[in-house]
Amino acid sequence: MSLVWTLIAGFLYAEIALVLLLVLPVASPYRWNRFFKSKFLALLAQQAHIYFFLIMGVLVLFLLEAIREMRKYSNHEQSGEVHLNVEMQHSMRLFRAQRNFYISGFAIFLVLVIRRLVTLVSAQANLLAQSEASMKQAQSATAAARSLMEDKKTEKAKEAGEDTTLNELSSLRRRVQGLTARVS
């Protein structure tokens with residue numbers, strides 16, 4: 001394998017490792033989001049679309065090169081006097097072209113997958129933070145409503161106590177008036 005294809009294969013293996021890190025529950029979405037928002041990655045993120053298109057362009061060029069090589073070696077004419085060594089070399093070149101096609105194709109696919117995974121993990125972290133903030137807000141609103149209801153219950157109890165006192169007082173006044181009317 002030539003140096004270029006070795007580098008592309010190494011890039012593919014690094015992509016596979018990164019996809020596994022993003023997919024497996026190694027770190028929580030909060031940590032990933034904090035990592036994605038770090039100063040170093042913020043500097044890279046300013047130019048991320050350029051890097052993305054540059055990597056995609058290079059990989060597409062190598063994919064097209066692999067397709068060209070596959071087409072070149074797949075149209076092999078069988079002649080009667082072909083030596084076994086020549087045929088094996090031709091088959092080996094076709095195999096390498098196909099291998100290079102798969103390496104570059106999977107590398108392109110994983111670049112797209114990684115980009116989507118990063119956006120989904122960031123969105124999940126943001127949604128989790130929003131839901132946590134909403135839960136805290138709802139809990140504080142519930143606590144405030146309970147305290148208001150407790151205050152209203154005590155006020156109603158006081159009002160009810162005052163009402164019963166007033167009722168007793170008025171009944172005692174009527175009774176006193178009734179007794180004074182009997183005495184006089």
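Trainee: Is Arg68 buried, partly exposed or exposed?

Mentor: Buried means under 20% relative accessible area, exposed means over 50%, and partly exposed lies in between (1.4 Å probe, protein chains only). Arg68 has a relative accessible area of 42%, so Arg68 is partly exposed. Keep the origin in mind: this is a predicted model, where local features need pLDDT of at least 70, side-chain atom pairs count only at pLDDT 80 or more, and totals for chains, interfaces and linings use all residues. Residues are numbered from 1 along each chain as its sequence is written, and side-chain values use heavy atoms, with hydrogens and water left out.

Trainee: Which side chain meets Arg68 in a salt bridge at 2.8 Å, N to O?

Mentor: The term first: a salt bridge is a side-chain nitrogen of Lys or Arg within 4 Å of a carboxyl oxygen of Asp or Glu. Glu65 is the partner of Arg68 at 2.8 Å. Helices are DSSP runs (H or I, at least four residues), numbered from the N terminus. Glu65 and Arg68 are three residues apart in helix α4, so about one helical turn separates them. Glu65 is partly exposed, because its relative accessibility is 30%.

Trainee: With which residue does Glu69 form a salt bridge?

Mentor: Again with Arg68, and the closest N and O atoms are 2.7 Å apart. Glu69 counts as buried, at 18% relative accessibility.

Trainee: How many salt bridges does the rule give?

Mentor: The count comes to three. One of them joins Lys136 to Glu132, with the closest N and O atoms 3.8 Å apart. These two residues sit four apart in helix α5 (residues 84-183), so about one helical turn lies between them. Lys136 is exposed at 52% relative accessible area. Glu132 is partly exposed at 38%.

Trainee: Now helix packing. At roughly what angle do the axes of α1 and α4 cross?

Mentor: Two packed helices are described by the angle between their axes and the distance between the axes. Axes are lines fitted to C-alpha atoms, for helices over the stretch in contact, and angles run from 0 to 180 degrees between N-to-C directions. Helix α1 (residues 3-23) and helix α4 (residues 48-74) have axes that come within 12 Å and cross at roughly 125 degrees. That makes α1 oblique to α4. The classes are: under 35 degrees roughly parallel, over 145 roughly antiparallel, 65 to 115 roughly perpendicular, and the rest oblique.

Trainee: Which residues make the contact of α1 and α4?

Mentor: Contact means heavy atoms within 4.5 Å. From α1 come Val4, Trp5, Ile8 and Phe11; from α4 come Ile55, Leu59, Phe62 and Ala66. By class, the contact has eight nonpolar residues, no polar and no charged ones. Nonpolar covers Ala, Val, Leu, Ile, Met, Phe, Trp, Tyr, Cys and Pro; charged covers Asp, Glu, Lys and Arg; the others, Gly among them, count as polar.

Trainee: How do the axes of α3 and α4 cross?

Mentor: The axes of helix α3 (residues 39-46) and α4 come within 4 Å and cross at roughly 65 degrees. The two helices are therefore roughly perpendicular to each other. Leu44, Ala45 and Gln46 of α3 meet Ala48, His49 and Tyr51 of α4. That contact divides into four nonpolar, two polar and no charged residues.

Trainee: Which residues does Asn100 contact, leaving aside neighbours within four places in sequence?

Mentor: Trp5 and Ala66 are in contact with Asn100. Asn100 is found in helix α5. It is buried, at 9% relative accessible area.
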